[in-house]
Amino acid sequence: MLFLCLLFIESSNPKAYAQQSTNEKLSDVKSAISKQKTTIKQVGSKKQKLLTQLKNDDLAIAKIVKALNKTHASLKQTKKRLNELVKEKSQIIQAKKQQEAVLAKQLRTAYSTGHHDYLKLLLNQQDPGSVQRNLTYYQYLNKARINEIQQYKQTIAQLIEITNQQQQQAAQLQSLESTQNQQKLALEKNKKQRKATVAQLNKALLTSKQKLAKLEQEEADLVSALARMAELSKQEIDLNGLSKLKRKLSWPVKGKINRSFGSRKQDYLKWKGVLLAAPLGRQVKTIHNGTVLFADWLKGYGLVTVIDHGEGYMSLYGHNQALLKSVGERVETGEPIALVGQSGGQSQSALYFEIRHNGQAVNPKLWCR
């Protein structure tokens, strides 16, 4: 009976029932939208954290690589000094043998003529001239023997000093090798951390639209940064630019061009420079003299160095493993400024290289032979 009554009420007011159903659907949609916004916000927050982590990973690797380079140079210098000490010690030992031979000869001579001692010579009054000559001869021999003994003592002292230096250098070498091994372990650890971060970051970028938006933002950030640098570069008045150097410049690193200027990057976005594949750690050299305008980590491009060449010309070097120059430093043509890496989220080691004139990207092939 109750069921029939309810059925009668609903059938008697169909408009009210439809309105209630629509409100419920709208509420469900709003709830779904709210959840989606929360998810998007969480993904965005996660991406930002991952980008920060990627920056920290790249900077940590750069710090270790620079320390490794310094340790390597110290090792090279220490080994060189050790080799020098080995040669010096060999020469001193040879001199010591020669001095020992001379002293032995003098001692044998003194022993064989020992019966002509000073007392006998002085008491012999038969030939005063002969006595004087013999006394002079003995004084000369004695003085020569004393000199040889003094030189021998100095040689022994030098030998002891060289041996001590050798021991110190050997201990330093062992310490440096230990430091180098620790640095290599730390480097591998940081590389693994960076690889995990890049994997998580790529996983967070699920759709092509998200990737496009990321690339657009990165390019906008780069253009903005270059514009600020252009303002700073106006202070330089003694740089002549690159206008007269078309097809005369060397490439910053020897390697295969994986991405060419103007080729498709993502949807309508195109490459504003070239991507040169090169081994990890290879030296990156500036294409021409100039001043370092920027040397830091930049989202999407990793560790970046920007050189001002004057007259509105700038060159950019990205995805480096380590930066060797600081802002404000002057650099000469062909001078090492960085080491090839994969910072900024790259899966393979490569150098991203751009040339810009008055803020506009130009084809590097027109300048580099």
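## A pocket and its lining

The second largest pocket is lined by 18 residues, and those nearest its centre are Lys-191, Arg-194, Lys-195, Gln-342 and Gln-346. Here a pocket is an open set of points on a 1 Å grid over the protein atoms alone, with protein on both sides within 12 Å along at least five of seven lines, and a lining residue has an atom within 4 Å of a point. The elements that give two or more residues to this lining are α2, α4 and β8, with the largest share, eight residues, coming from α4. The space in this pocket is about 310 Å³, a volume filled by probe spheres set on the grid points, which are joined across faces, edges and corners.

## The model as a whole

This is a predicted model, in which local features need pLDDT of at least 70 and side-chain atom pairs count only at pLDDT 80 or more, while totals for chains, interfaces and linings use all residues. Residues are numbered from 1 along each chain as its sequence is written, and side-chain values use heavy atoms, with hydrogens and water left out.

The protein has five helices and twelve strands, which are DSSP runs numbered from the N terminus (helices H or I, at least four residues; strands E, at least two). Of its 369 residues, 32% are buried, where buried means under 20% relative accessible area, exposed over 50%, and partly exposed in between, for a 1.4 Å probe and protein chains only.

## Nonpolar cores

The largest nonpolar core has 36 residues, among which Leu-242, Ile-287, Tyr-317 and Phe-353 touch the most other members. Such a core is a set of buried Ala, Val, Leu, Ile, Met, Phe, Trp, Tyr and Cys residues joined through side-chain atoms within 4.5 Å. With six residues, α2 gives the most to this core, and a second, separate core of 13 residues includes Tyr-301, Val-304, Ala-350 and Tyr-352.

## Individual residues

Most residues other than glycine have a negative phi. His-319, however, has a positive phi near 65°, and this residue lies in strand β8, where it counts as buried because its relative accessibility is 4%. Glu-311 also has a positive phi, near 55°; Glu-311 sits in the loop between β7 and β8 and is exposed because its relative accessible area is 56%.

Arg-356 belongs to strand β11, which covers residues 350-357, and Arg-356 is buried because its relative accessibility is 5%.

Conventions:
On a 1 Å grid over the protein atoms alone, a cavity is a set of points where a 1.4 Å probe fits but cannot get out, and a pocket is an open set with protein on both sides within 12 Å along at least five of seven lines; lining residues have an atom within 4 Å of a point.
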